[in-house]
Amino acid sequence: MALGVVLLVLAVVAGMNLYAATVASVYMVGILMLVGALAQIAHAFQVRHWGGVVAWLLAGLLYGAAGIFAFANPLLAAATLTLLLAFALIASGIMRAWWSTSLRPLRGWGWIAASGVISAVVGVVFIAGWPQNTLWLLGMILVLDLAFQGATAIAFGLALRRLGAESGHATL
C-alpha cells in the first residue's frame, strides 16, 4: 500500500506541471534508448560468427542517436513521440476492431470492438491536437499511469490485508 501512496503522490506532483512531466518522460525514453543502444552494440560484437554484425552495429548506433536526440531537443522528441503514439493507437485500434469481427460468435466480442474503436478515436484526437498537445500530452499520460498504478497497488494491498485477516495472518 505504501508503494501505491508514493505513486499517487508522484502522480499529483507530475500533474502540477505537465510540461515538466512531458520532458521527464522524454528523458526517460532517451535513457532507455541509450541503454538499448549500448546493448545492441555489445551484442553486435558478440555475434560476429552469425553474420550481420554491421546491421546490429548500425541499429545500435541509430538507436543511440535517437536517444541523444531526445536529450538534445526534448520538445521535438515529445512532438515525434506524440505523433508516433497517435499512429500506434490508430493502428492497434483498427486491428483490434477488425479482429473482433472474427470473434462475433463469442460472448463479449463487442467489448473488444469497442476498445478498438476507442483507441483509434483517441489516436485521431491526438493527431487533431498535434503539435500543440505535445507540451502536455505525454505528461498527462504519465500522470494517468502513475495514478492507476498507485490506485491498483493500494487496492491490492487492501485485498491482501483482508485476505490476511480472514486467514488469521493479520500482518500480511
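Reader: Why does Leu-158 count as partly exposed?

Author: The model is a predicted one, in which local features need pLDDT of at least 70 and side-chain atom pairs count only at pLDDT 80 or more, while totals for chains, interfaces and linings use all residues. Residues are numbered from 1 along each chain as its sequence is written, and side-chain values use heavy atoms, with hydrogens and water left out. Buried means under 20% relative accessible area, exposed means over 50%, and partly exposed lies in between (1.4 Å probe, protein chains only). Leu-158 has a relative accessibility of 34%, so Leu-158 counts as partly exposed. Leu-158 is found in helix α6 (residues 137–167); helices are DSSP runs of H or I with at least four residues, numbered from the N terminus.

Reader: How far apart are Leu-158 and Met-1 in sequence and in space?

Author: They are 157 residues apart in sequence, and their C-alpha atoms are 7.2 Å apart in space.

Reader: Why is Thr-134 called buried?

Author: The relative accessible area of Thr-134 is 6%, and Thr-134 is therefore buried. Thr-134 is found in the loop between α5 and α6. The C-alpha atom of Thr-134 is separated by 7.6 Å from that of Leu-75, and the two residues are 59 residues apart along the chain.

Reader: What makes Ala-77 count as buried?

Author: Ala-77 has 4% relative accessibility, so Ala-77 counts as buried. Ala-77 has its place in helix α4.

Reader: Which parts does the pair of Tyr-27 and Phe-71 tie together?

Author: Tyr-27 lies in helix α2 and Phe-71 in helix α3, so the pair ties together parts that are 44 residues apart in sequence. Tyr-27 is partly exposed at 32% relative accessibility, and Phe-71 is partly exposed at 35%.

Reader: Which residues form the nonpolar patch on the surface?

Author: The patch is formed by Tyr-27, Met-28, Ile-31, Leu-32, Val-35 and Phe-71, which together have about 550 Å² of accessible area. Patch residues have over 30% relative accessible area and no salt bridge; like charges are joined within 9 Å, and nonpolar side chains (Val, Leu, Ile, Met, Phe, Trp, Tyr) within 5 Å. A salt bridge is a side-chain nitrogen of Lys or Arg within 4 Å of a carboxyl oxygen of Asp or Glu. Helix α2 (residues 18–46) gives the most to the nonpolar patch, with five residues, and Phe-71 lies in helix α3 (residues 53–72).

Reader: Where is Pro-131, and which residue does a cis peptide bond join to Pro-131?

Author: Pro-131 has its place in the loop between α5 (109–128) and α6. The cis peptide bond joins Trp-130 and Pro-131, with omega about 5°. Most peptide bonds are trans.

Notes: Areas by Shrake-Rupley, 256 points an atom, 1.4 Å probe, with all protein chains shown as cover. Helix = DSSP H or I, 4+ residues; strand = E, 2+ residues; numbered from the N terminus.
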